[in-house]
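Visitor: I'd like a close look at a single part of this model. Could you take me through it residue by residue?

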Amino acid sequence: MIHGVHIVVYSANAEADRAFVRDVLEYPYVDAGQGWLIFALPPAELAIHPSEANGTHELFLTCDDVEAFVDRMSERGVACSDLRSERWGLITYLTLPGGGTLGVYQPAHPSPLNPG
């Protein structure tokens, strides 16, 4: 039945954000035609949180060492917010070239991808 997830990120400057994901984050991709890049993502998790309204979604990337990620982004000229410790992990935010923000965190919570 379901074999994957296709995430759509809307951007005021999609071309710049595609270049960022391709060149800075170095995600593998295919060109689906006319510059529509589709990126391969690492394994994903899905969490359902309570909310007053439906239809609101957030996208976070996870990593094993968020401090090393921030250092690597700094080397590439990408500013990240100060690290913030939450009960579920250590998080930073970066601003995409199109103006959107993207959270990147080092989980402190258990993951179904790494049981045990």
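In which helix is aspartate 17 found?

Guide: Happy to. This is a predicted model, in which local features need pLDDT of at least 70 and side-chain atom pairs count only at pLDDT 80 or more, while totals for chains, interfaces and linings use all residues. Residues are numbered from 1 along each chain as its sequence is written, and side-chain values use heavy atoms, leaving out hydrogens and water.

Aspartate 17 is found in helix α1 (helices are DSSP runs of H or I, at least four residues; strands are runs of E, at least two; both are numbered from the N terminus). Aspartate 17 is buried (under 20% relative accessible area; exposed is over 50%, partly exposed in between, with a 1.4 Å probe and protein chains only). Yet aspartate 17 has no salt bridge (a side-chain nitrogen of Lys or Arg within 4 Å of a carboxyl oxygen of Asp or Glu). The nearest side chain of opposite charge, arginine 18, is 8.7 Å away (Lys and Arg count as positive, Asp and Glu as negative; His and the chain ends are not counted). Not counting residues up to four places away in sequence, aspartate 17 touches Ser11, Leu96, Pro97 and Gly98 (contact means heavy atoms within 4.5 Å).

Phenylalanine 20 also lies in α1, and counts as buried because its relative accessibility is 6%. Met73 leads us to α2 (residues 66-75), whose buried residues are Val66, Phe69, Val70 and Met73. These buried residues of α2 pack against α1 (14-23), β5 (89-95) and β6 (101-107).
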